[in-house]
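Hello,

Here is the structure you will be working with. My notes on what was found in it follow below.

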Amino acid sequence: MPQHLKRLISFFAILLILFLIMRQVLIPKSFGQLGHYRADAISENQVRELHYAGSENCTKCHDSIHIEKDEGYHKQLKCEVCHGPGLKHTQYADKFKDGHLPDSLLLHKPIERKECALCHQKNAARTKILFDTIDNTMIVQIDAMKHKLLNKKTKEEQKCIKCHNPHQP
Ligand code: HEC
Ligand code: HEC
Ligand code: HEC
Ligand code: HEC
């Protein structure tokens, strides 16, 4: 066998051995046990703390709001999209019999213009996108810098919820 072929073969043999060693060292122990992924990833995700309760769990105590919302344009929005993660609130709210919850259990209320604008702000890049999950309707857009911005008399900035009920806009 020519000398240069021998060198080439031994070079590739060393590469192969290195590859096998690295593979042994780098691949996590649980990889492949259940499929082409790390089986430990499942148990690691299971122990992560939950934060969201899901809208169904809000109806128990806020049924009227749920009904109101179901009849309006916001019917497809989940409560926690606007109010933030509410699992603790749902779990502990009925422990306070007088109905007054400590601040730490109260949820955020998105009353600022910019919070409605997150979804409704006119955006040239957004116009042609259909919102698949929402019956293929496009979210109606306004220019939050102009739309009913100032009170005609007092010249003060007006909140969106002064005119629109967030649960039935
Ligand atoms: C076990 C009953 C219960 C459940 C379930 C519940 N809430 Fe409440 N929630 C309350 C009570 C009681 C108050 C009144 C607190 C107060 O006025 O001090 C309240 C108040 C609120 C407020 C107003 C907070 C404020 O600062 O005024 C929001 C927003 C709210 N809940 C949203 C939700 C959402 C979203 C869910 C579902 C993830 C939910 N709630 C589930 C009992 C509940
Ligand atoms: C589009 C965003 C949005 C969604 C979706 C939404 N809320 Fe609200 N919610 C608000 C805003 C904004 C306020 C504050 C209203 C105010 O202060 O006048 C509020 C106020 C509340 C309050 C305080 C009491 C009241 O009537 O003002 C409760 C309770 C509440 N929401 C529960 C819910 C529940 C339950 C759902 C789901 C069924 C839900 N919200 C969905 C934006 C939203
Ligand atoms: C998470 C996204 C989201 C947020 C936040 C949100 N909206 Fe909406 N809004 C929607 C969707 C989706 C619809 C239904 C499609 C449509 O009609 O634009 C809608 C519909 C509306 C409509 C009816 C538009 C029409 O068709 O005539 C009004 C008015 C409105 N929202 C006001 C508000 C106000 C006020 C706030 C803030 C309290 C707000 N929205 C926050 C997503 C959002
Ligand atoms: C002074 C009252 C008032 C305020 C404040 C106000 N709106 Fe409106 N909004 C209206 C009225 C009235 C309409 C009906 C049609 C019109 O005049 O455009 C409307 C229409 C809309 C529409 C539907 C537009 C369309 O083309 O069908 C959306 C979306 C909307 N508003 C969102 C908002 C958001 C988001 C805010 C806050 C950034 C806001 N509005 C603040 C009164 C108000």
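**The iron sites and the shell around ligand 1**

In ligand 1, the iron atom is coordinated by the NE2 atoms of His 62 and His 89, at 2.0 Å. Please keep in mind that this is a predicted model.

The two histidines come from distant parts of the chain: His 62 belongs to helix H3 and His 89 to helix H5, and 27 residues separate them. The site of this iron atom in ligand 1 is octahedral, with angles of 87 to 179 degrees among its six donor atoms. For six octahedral donors, the ideal angles at a metal are 90 or 180 degrees. His 89 is buried, because its relative accessible area of 15% is under the 20% cut-off. His 62 has 39% relative accessibility and therefore counts as partly exposed.

Ligand 1 is surrounded by 17 residues, and the closest are Cys 58, Cys 61, His 62, His 89 and Lys 109. By class, this shell holds seven nonpolar, seven polar and three charged residues.

- His 89 has a polar side-chain atom 2.8 Å from a nitrogen atom of ligand 1.
- Lys 109 has a side-chain N or O atom 3.1 Å from an oxygen atom of ligand 1.
- Leu 101 takes part through its backbone, with an N or O atom 3.2 Å from an oxygen atom of ligand 1.

Helices H3 (56–70), H4 (79–83) and H5 (87–92) are the elements that give two or more residues to the shell around ligand 1. Of these, H3 gives the most, with four residues.

Now to ligand 3. Which residues coordinate its iron atom? They are His 74 and His 120, each through NE2, at 2.0 Å. The site of the iron atom of ligand 3 is octahedral, and the angles among its six donor atoms run from 87 to 178 degrees. His 74 sits in the loop between H3 and H4, while His 120 is in helix H6 (residues 113–120), so this pair ties together parts that are 46 residues apart in sequence.

Is His 74 buried or exposed? His 74 counts as buried, because its relative accessibility is 18% and the limit for buried is under 20%. His 120, at 26% relative accessibility, counts as partly exposed.

Regards

Key: Residues are numbered from 1 along each chain as its sequence is written. Chains are lettered from A and ligands numbered from 1 in the order in which they are written. This is a predicted model: local features need pLDDT of at least 70, side-chain atom pairs count only at pLDDT 80 or more; totals for chains, interfaces and linings use all residues. Side-chain values use heavy atoms; hydrogens and water are left out. A residue is near a molecule or strand if one of its heavy atoms lies within 4 Å of it. A polar contact is a pair of N or O atoms within 3.5 Å; within protein, one must be able to donate a hydrogen and the other to accept it, and residues adjacent in sequence count only if both atoms are side-chain atoms. Ala, Val, Leu, Ile, Met, Phe, Trp, Tyr, Cys and Pro count as nonpolar, Asp, Glu, Lys and Arg as charged, and the others, Gly among them, as polar. Donors are N, O and S atoms within 2.8 Å of the metal (3.2 Å for Na, K and Ca); water is not among the atoms, so sites may look incomplete. Four donors count as tetrahedral if all angles lie between 85 and 135 degrees; four count as square planar and six as octahedral if opposite donors are over 155 degrees apart and all others between 65 and 115; anything else is irregular. Buried means under 20% relative accessible area, exposed over 50%, partly exposed in between (1.4 Å probe, protein chains only).
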